Amino acid sequence: MGSTTSRSAPVTLSVPVRGYSKLLRSPDRLTVDNLLFRDLLWDIHVQSMDFDENGLADTLVVSVVINFMLHGFKSYAGTHITLEILDETGEHTVFHKESSRDTIGKQNKGSFILCVRRRELEASSCVSAHYDKFTVRCTLKKMQQATKRRCLFGSLCKSNAVLEPPKVAMVGSHTLTVCSVSKLSATLRNGECIYSTHFAVGGSTWYLKFCPRWLQSGILWLVFASKGDEMTPTTAEFSFEFEGLVNLESQTTRHTFDRDNDDFYYHLKYTGTWPTQDDRLVVRCCLAVVTPEEVRTTIPTCSTESVLTPLLSAMHR
């Protein structure tokens with residue numbers, strides 16, 4: 001079981017969680033696999049929680065934790081952890097959570113977890129009905145400490161700004177298909193959504209999520225999924241195209257995404273009588289990441305004429 005790597009090289013393991021229907025009715029924590037990283041054995045667990053009146057779990061918790069039976073509650077500060085739940089093909093990320101530099105420092109003991117709602121997991125095509133399974137992917141890597149080099153000459157250095165050629169914005173699109181809005185609305189509870197697979201544009205990761213019923217409308221979110229420690233604000237221009245139950249194209253919107261403002265929502269008003277027999281909805285997001293027209297690169301150069309020359313002249317007087 002698991003990976004055999006024990007040093008500091010990054011380790012990734014994809015695990016099929018089998019017996020999904022049985023897992024939903026059992027409160028027992030299931031160890032689905034393990035992997036060796038930094039000479040420690042890490043266990044990957046899945047556990048069902050919040051059982052309803054029918055005995056089905058409302059929540060699934062995926063966790064990765066050091067095997068305390070072998071190592072005790074040792075510290076794993078400095079280890080970056082990513083947990084993902086993939087689509088039913090086992091290839092594309094749908095649900096995702098990763099540790100930040102701040103949380104790593106605090107998580108010296110215990111486990112790193114990803115919680116998902118059962119109905120959202122199933123509605124987002126993560127569960128293979130044929131094989132009765134879903135797929136979890138775990139990545140462990142050693143966190144690199146950021147270091148800054150100081151200028152040896154201190155105030156003797158100045159900056160010359162060099163203008164680079166304008167960069168072309170990176171453009172992409174992604175499609176989310178809802179086979180039946182009415183059936184989806186009947187399946188999900190208030191506030192629950194269907195999620196698209198993740199897609200990359202402009203060096204950042206994005207996804208769509210759709211809530212089928214909010215009063216007399218639906219809500220679509222474009223979410224900025226890149227939440228790394230070195231994340232910088234990213235400005236994007238985007239529009240939505242809708243086909244099926246609703247046929248329209250939204251206006252192009254410009255929005256800046258950052259750690260505290262990582263999504264944008266759009267109210268989608270249904271037209272005509274709803275639900276209908278054919279209430280299929282196709283959502284296409286067209287997105288362009290906007291880069292600055294001028295990127296300034298700082299090149300330190302030493303100015304000996306303005307500072308050192310008076311000092312040298314005074315020494316020879």
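The following dialogue explains how terms are applied to this predicted model.

Biologist: Why is Phe 224 called buried?

Modeller: Buried means under 20% relative accessible area, exposed over 50%, and partly exposed in between, with a 1.4 Å probe and protein chains only. Phe 224 has a relative accessible area of 1%, so this residue counts as buried. Of the 317 residues of the chain, 43% fall in the buried class.

Biologist: What makes residues 217-224 a strand?

Modeller: Strands (E, at least two residues) and helices (H or I, at least four) are DSSP runs, numbered from the N terminus. Residues 217-224 form strand E14, which contains Phe 224. The chain has six helices and 20 strands.

Biologist: How do you know that strand E5 is mostly covered?

Modeller: Eight of the eight residues in E5 (residues 79-86) are buried. On one side these are Thr 79, Ile 81, Leu 83 and Ile 85, and on the other His 80, Thr 82, Glu 84 and Leu 86. In a regular strand the side chains alternate between the two faces of the sheet.

Biologist: How do you know that E5 and strand E8 pair?

Modeller: Two strands pair if DSSP finds at least two bridges between them. E5 and E8 (residues 133-142) have seven bridges, in the antiparallel sense, and Ile 81 stands opposite Leu 140 in E8. E5 also pairs with strand E6 (residues 93-98) in the antiparallel sense, over five bridges. In E6, His 96 is the bridge partner of Glu 84.

Biologist: What makes a group of residues a nonpolar core?

Modeller: The group must consist of buried Ala, Val, Leu, Ile, Met, Phe, Trp, Tyr and Cys residues joined through side-chain atoms within 4.5 Å. The largest such core has 43 residues, of which Trp 42, Ile 44, Ile 85, Phe 95, Leu 121 and Phe 134 touch the most other members.

Biologist: Why is this core said to lie between domain 1 and domain 2?

Modeller: Domain bounds come from an automatic or database domain assignment. Domain 1 (11-142) and domain 2 (169-290) both give residues to this core, so it lies between them. A second, separate core of 29 residues includes Ile 194, Phe 242, Leu 281 and Val 283.

Technical notes
Residues numbered from 1 in each chain as written. Predicted model: local features only at pLDDT ≥ 70, side-chain atom pairs only at ≥ 80, totals over all residues. Heavy atoms only, no water.
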